[in-house]
Amino acid sequence: MGGIVGGGSNAKQQHAVGSLQFQTSQAGGVIPLIYGTTKVSPNLLDYDDFTATPSKQTGGKGKGGGGGKGGGQQYMYSASFIMGVCQGPITGFGLAWWDKNIGVVTGLQSISSINFGTDGQTIDPYWASTHPSKAIGYSGTANIVFANYQLGNTATLPNFNFEVFGVGSGISAASPNGYDANPAQIVSDFLTNPRYGANFPSANLDPAMTSGAASSYASYCAALGLFLSPLLDQQQEAQQSLADITKVTNSAIVWSGAQLKIIPYGDHSVTNAFTLVSFGGAPTQAGGDTISLTFTDAALNGGSPYTVSYTTPANLQMPGAMAGLAQAVNGDANVTGFGILASGAGLDGVMIIQAHPTGNTTIGLAGGGGISAVGVGATTTSNFMPNTMPVYSLGEDDYIVQQSSVGINLGVTPGGPALRSGATPITGGFMDDPLHIVRSTPADANNMIEVECLDRQNNYNTAIAEAFDQGSIDLYGVRRDTSTKARLIADPLYVGGMVAQLLLQRQLLYRNTYTFRLGWKYILLEPMDLVQITDSRLGASALTVRITAVEEDDEGMLSITAEDFFGDYSPTVLYPPANYSPSASPSILGMGGGTAAPAVRQAGGGAVGGFVPNWSGAPGNVNTPLIFEPPAALLSGDLEIWIALSGGPSWGGAQVWISSDGNSYAFAGTISGPATQGVLTATIGDSGGSPDITDTCSVDVSESRGQLFSVSATDAANLVTLCYMGGELFAYQVANLTSAYHYNLTTLYRGAYGTTSASHSAGTQFARIDQSVDRFPYPGTLIGQTIFLKFLSFNIVGGALQNLSEVLPYTYTVTGSGKAVVSTTVSGSYAGTTTANLVVQRYVFAGTVMFPAGLTGSQGTAGVAATATTTYSIKKNGANIGTMVFAASATTAAFAMASATSFMAGDVLTVVAPASPDATLANLAWTLAGSQ
């Protein structure tokens, strides 16, 4: 304490740190294997040259020039080190994150060499010359070498993370966005690579899986755009890694003889075109850069170019601008209805995906502000054609069923239509059904799927892609499973949405399970094969199903489990039976269960796909707010100001800030979600009646995208549909929709809660009074004052909050109209006759009292009548405001006051006799009526 209250210095000498502190350095840890492009944390392989350099002596001379005790010695640190990144060879490095900084790897300070992990790669030259005894090339391991890296005044390495372009990344590996990899290529390399693979023999891997055949796994992933970037950095069985990949790509692993196959569940043809559009530069930090994409096709917009634009908010980085432009495309019904979607592609690109491309669509782009247009890349078109040919057509004579223990020689064919007629344990025969169908209830199916992905355009932070079925939710409520962890997806906007939709479809559509048994002659059947099944009793006629499991017992009997197949009906069979004729009316249960049309679904929207929140999306300013004070009948205590707010499509709510001087603002609360507000579109009269069945209230609530609903006569009379227009509160019974967001409200209950029923002109503000209108209490001292309000908008996911400096204030003069009226009186009296200018009453107010114009309700009387007219003055703080007049021969007084007058706490009211008092007027008493 001495050094604080004035004693000698208490500074301590700082000692140099003796060793380097670092984030991770493991021996024997897993070397990450990266496919596609993702972010990885490196491992410290080696370090040296750790140096602590004295920087400067702090402190100085004491008072009067004497030598004071200075501060402690400070040191600056540096070190050389090697960061091991992942298994090589890789394609390259992209971004780097260290502590709170973001840049590119090549821009980091003090880099001696960047090594991509090739076999036999050379030793770093700095390490070879400075530390030759431990210089290693780290063959096959991608690494970055730093020479004498300046650490500043701490002896701690930065917390590095690097973006790695791993195995299979780039357009050359059939990934059109230049970042991700095709899952078929991932599986093939992961299993068979001679250095880091699973030592799986290439001969045992189905070559069709990676072929360009239209029905291959590679074509399925390419056509649907299911490109991945897995990071394998933990020890686990190879089959688990494969299962993770096949789950998100809607496919199954099948052993067929000595070969491993991956077969998609896709059941419909898909053709998609992928085009990479590139931009350059960087967004202006103040925001306001407008960038756009223009689509031209004879079948779109009547052949006229159609442009989708996006304007950047403040403090947005380039990846966020690309994501914003992609979401603008996905939010435009004209282009999505034409089959065009978009997704971000790395730092400075947007991937355009067109379903069922015409081949005639051209894409133009335009930059704005700090963002420049670079160009449109080549279009990659991918096709998938599922195999829809069943292997066998199985009839009732092909199934093997359970027979009873007696009377088995009935001369019937196992599986034939006669086998179950009259069969009993006594008479014998075949008692079991040849074909069993178990159908799960749709009420138990999950109708909301969430997939946890990484978001490349948000620094590889986690994001949730979502798909849901609104029809199922309306019927059974939300049934949500735990989110599927799929961090091998780095594009939540498109790939994440596609995966979520495919998982959702398997949950909702595949509800039938078929089981039956066959003899050994069908031994060629394997999972994912298609077969036709027929059972007249069950009504199945050449129904095509997909086999999901085959079990063989010791006697060669095959127990088959199958599921629905929703693809197109194929009239041919690979191995038809003798005299086979295609069924004229095959059973077809549905369409498209194993293939999803690419689309992006916003929560609550009408399209299909996944939702990824855009935290940086500009919310836009609020619409003109409706600010009013409710009548006392709607209040239960404090005085309140009620505010109805709304905004544009991206508006999620606003913070409310209030000021009494327009300079300093205080936070008052948050309004979450829009109110139903708008304007009158026609003048409404005041014809009277309860209810008013003559007048119609025509409103437009398109600014808030609100809805109004009709109610019963009882609810309307009870003011359940309370609304506000121009100071009047009213309720309605019938709401007729005339056009989008336009209503005619009829059967009106006017002047509710003591408000005044009146005519209102077109353009008058309107709002539905419900829980979406927020209430803000205020003290009575604000009555009569003008306040300033600012509304700071945020977007629909709670991000991109505006600053106080961004928005203009709205003003409102507080009236106190909600204050409940409490009658109050000021009484006085005087015995005898008065003298000239005598103050007969002096009253000091302790609170606010309002006296009405004319002093309505006030009373005055005299015991002895006046001879002539006599006028007493009523004053506020010495100034005349009214009179109390006794006419000649009258014993009652008349009061006059030009306007309503309020007295605040401390104000003084006086009643003063005239300069020439009446000689007979005597024994006065009076009461002045006001209200609080």
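Strands are DSSP runs of E, at least two residues in length, numbered from the N terminus. By that numbering, Thr141 lies in strand S8, which covers residues 141–152. The model is predicted. The points below cover the setting of Thr141, two cis peptide bonds, two non-glycine residues with positive phi, and a negative surface patch.

**Thr141 and its contacts**
- Thr141 has a relative accessible area of 14%. This value is under 20%, so Thr141 counts as buried.
- Beyond the residues up to four places away in sequence, Thr141 touches Ile31, Cys86, Gly88, Gly117 and Gln121.
- One of these contacts, Gly88, is also the residue from which a cis peptide bond runs to Pro89.

**Cis peptide bonds**
- The bond from Gly88 to Pro89 is cis, and its omega is near 0 degrees.
- Pro89 sits in the loop that runs between strand S4 (75–87) and strand S5 (92–98).
- A cis bond also joins Ser690 to Pro691, here with omega near 5 degrees.
- Pro691 belongs to the loop between strand S33 (677–680) and strand S34 (697–700).

**Positive phi outside glycine**
- His356 is not a glycine, yet its phi is positive, at about 50 degrees.
- The loop between strand S17 (349–355) and strand S18 (362–366) holds His356.
- The relative accessibility of His356 is 60%. Since the cut-off for exposed is over 50%, His356 counts as exposed.
- Ala542 is likewise a residue other than glycine with a positive phi, near 50 degrees.
- Ala542 is part of strand S27, whereas His356 is in a loop.
- With a relative accessible area of 5%, Ala542 falls under the 20% limit and is therefore buried.

Definitions and conventions:
Residues numbered from 1 in each chain as written. Predicted model: local features only at pLDDT ≥ 70, side-chain atom pairs only at ≥ 80, totals over all residues. Heavy atoms only, no water. Patch = residues over 30% accessible without salt bridge, like charges linked within 9 Å, V, L, I, M, F, W, Y side chains within 5 Å. Areas by Shrake-Rupley, 256 points an atom, 1.4 Å probe, with all protein chains shown as cover. Salt bridge = Lys/Arg side-chain N within 4 Å of Asp/Glu carboxyl O. Lys, Arg positive; Asp, Glu negative; His and termini not counted. Charge placed at Lys NZ, Arg CZ, Asp CG, Glu CD. Helix = DSSP H or I, 4+ residues; strand = E, 2+ residues; numbered from the N terminus. Buried < 20%, exposed > 50% of the residue type's maximum accessible area, 1.4 Å probe, protein only. Contact = heavy atoms within 4.5 Å.
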